[in-house]
Amino acid sequence: MLYALQLLGVAVFAASGALAAGRRRMDLLGVVVIAIVTAVGGGTIRDVLLERHPVFWIREPVYLVVSIVAALATLVYTRRRRPPRNSLAVADAIGLGMFAIGGAQIAEPFGYGPVVTVLMGTITGVAGGVIRDVLSAEVPLILRKGELYATAAIAGIVAYLVLEWMRLPHPAPALIGMSTVVALRLAAILWGLELPVIPIDER
Amino acid sequence: MLYALQLLGVAVFAASGALAAGRRRMDLLGVVVIAIVTAVGGGTIRDVLLERHPVFWIREPVYLVVSIVAALATLVYTRRRRPPRNSLAVADAIGLGMFAIGGAQIAEPFGYGPVVTVLMGTITGVAGGVIRDVLSAEVPLILRKGELYATAAIAGIVAYLVLEWMRLPHPAPALIGMSTVVALRLAAILWGLELPVIPIDER
Amino acid sequence: MLYALQLLGVAVFAASGALAAGRRRMDLLGVVVIAIVTAVGGGTIRDVLLERHPVFWIREPVYLVVSIVAALATLVYTRRRRPPRNSLAVADAIGLGMFAIGGAQIAEPFGYGPVVTVLMGTITGVAGGVIRDVLSAEVPLILRKGELYATAAIAGIVAYLVLEWMRLPHPAPALIGMSTVVALRLAAILWGLELPVIPIDER
């Protein structure tokens with residue numbers, strides 16, 4: 001089931017990459033490349049940092065195939081209808097939740113402690129989208145005020161680790177952690193929920 | 001001969017990095033640093049992902065020396081004459097072709113299958129230029145409409161793999177693959193050849 | 001003492017990342033994430049390229065803790081007073097010097113020769129700030145004319161290697177190398193000292 005969730009997360013992030021690249025009017029294969037990078041970027045950085053070789057999509061190229069199919073399906077769909085704005089945001093939130101918790105679960109057995117585990121989960125969830133935004137020459141989503149992006153990932157992973165430490169039966173901690181990420185992201189999108197911003201006016 | 005081609009590709013990409021950095025009015029050593037990163041960036045990511053250690057330019061620092069010399073030669077040349085626009089485009093196309101096919105050849109013996117091989121060749125060819133563009137605060141070339149950048153690399157690698165699978169004698173597949181990349185890039189530049197673009201008008 | 005210097009460098013770069021993120025009005029955890037990436041980014045790339053596993057902050061998460069504390073302290077401080085412009089520049093220069101020389105010292109025993117050692121020290125000193133600038137959607141500091149950023153790092157590392165090769169007693173080469181970096185950066189900031197720029201007007 002974790003495996004199915006990971007594949008679903010890859011598909012969702014590939015679709016978001018295809019949408020971003022399509023908006024910039026890239027050509028067909030350019031869209032596919034951006035979709036792949038968005039979908040596997042975060043997990044790739046995690047695997048390299050953890051020295052977890054070979055990187056997950058090299059060991060299982062099905063992740064690449066899923067990314068390509070999701071990117072093409074996105075392009076076909078958007079030729080017929082406008083992409084539904086909120087359903088994409090919901091899908092992206094689910095992808096973020098699955099990647100953040102999944103990344104933390106992969107980092108945990110390495111035994112580097114909670115700070116490293118939280119950071120690895122956050123990187124897994126966030127880095128692909130950051131690469132997508134940088135390659136699309138947009139301001140990274142994690143930088144936009146009131147998006148609660150990294151914040152949602154960190155809060156969900158911390159919830160997951162605390163519940164696990166309280167010995168909640170498996171898979172409750174993971175499910176609650178994912179739900180926390182999704183709920184925070186959706187609250188940020190729907191109601192403008194946000195963390196305090198500390199404005200710095202240096203010049 | 002592959003070795004000579006790799007060195008030539010490094011020199012060509014270093015020159016393109018030096019030109020990009022020079023246009024942004026960076027100072028002398030800044031230009032050299034951008035030139036090195038452009039020249040070795042793609043191969044570095046490939047080696048890290050394939051766990052091919054040490055990274056090629058650490059094992060053979062001659063690649064760094066060639067990058068530095070090419071960057072300095074570019075600066076000296078451009079003090080005297082305007083850089084010839086089309087000859088740079090041709091050189092860049094040749095560099096892309098050599099890096100894409102060379103990267104695929106390096107990835108092949110790892111036995112991860114064609115999808116990973118194509119992606120590794122594409123990364124080798126494209127990533128250095130992407131880093132150059134991001135560091136120069138320009139919109140990445142692979143994003144500009146009608147440039148066929150990633151597309152040319154992918155098409156050439158696929159041609160190479162198909163011809164090899166058809167048992168064409170060495171080195172015909174590699175040469176035809178490289179020629180495909182170069183021809184597609186030049187056709188894109190000269191005649192505006194492009195893949196279909198799927199416009200997405202979300203907002 | 002090298003250890004204390006490394007920790008101080010991490011704190012200084014984390015503060016600079018927090019300032020950059022705060023200026024972009026990111027929320028609290030976003031600021032912390034950018035601060036961490038700025039502080040450990042350069043050393044992380046160095047460790048991955050040298051295959052020096054596990055990466056330094058995975059082996060010693062105290063670096064992450066120091067980054068987080070420094071980021072929070074920066075936010076608290078800037079709520080009360082304007083951040084002192086020149087003291088930040090001085091601190092950043094000190095951080096650059098410590099990271100450049102420290103990175104070179106870590107690369108040296110791998111025995112890949114002086115060119116690789118200089119590049120590794122430069123990456124260690126410069127890459128974190130580049131990532132910070134790219135994530136903050138600013139033009140990278142190393143690109144801004146007259147900043148002598150990469151130049152100061154390279155000059156200091158070369159001074160360090162030359163003095164070491166002349167068999168100056170330890171730790172004189174490292175201290176002189178660091179001082180060279182700091183002096184060049186401050187001279188660039190205070191008096192506009194700069195390397196020759198080779199303008200390229202291609203179009």
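Is A:Arg167 buried or exposed? With a relative accessibility of 73%, A:Arg167 counts as exposed, because anything over 50% falls in that class. Keep in mind as you look around that this is a predicted model.

**Backbone angles worth a look**

Most residues other than glycine have a negative phi, and most peptide bonds are trans. With that in mind, here are some spots in the backbone to visit.

Start with A:Arg167 again. Its phi is near 60 degrees, a positive value in a residue that is not glycine. You will find A:Arg167 in chain A, in the loop that runs between helix 7 (149-165) and helix 8 (172-191).

Chain B has B:Glu51, another residue other than glycine, with a positive phi of about 55 degrees. B:Glu51 sits in the loop between helix 2 and helix 3 of chain B. Its relative accessibility is 38%, so B:Glu51 counts as partly exposed.

| Peptide bond | Form | Omega |
|---|---|---|
| B:His53 to B:Pro54 | cis | near -10 degrees |
| B:His170 to B:Pro171 | cis | near 0 degrees |

Where does B:Pro54 lie? B:Pro54 belongs to the loop of chain B between helix 2 (28-49) and helix 3 (56-59).

As for B:Pro171, look in chain B at the loop joining helix 7 (149-165) to helix 8 (172-191).

Note on methods:
Residues numbered from 1 in each chain as written. Chains lettered and ligands numbered in written order. Predicted model: local features only at pLDDT ≥ 70, side-chain atom pairs only at ≥ 80, totals over all residues. Heavy atoms only, no water. Helix = DSSP H or I, 4+ residues; strand = E, 2+ residues; numbered from the N terminus. Buried < 20%, exposed > 50% of the residue type's maximum accessible area, 1.4 Å probe, protein only.
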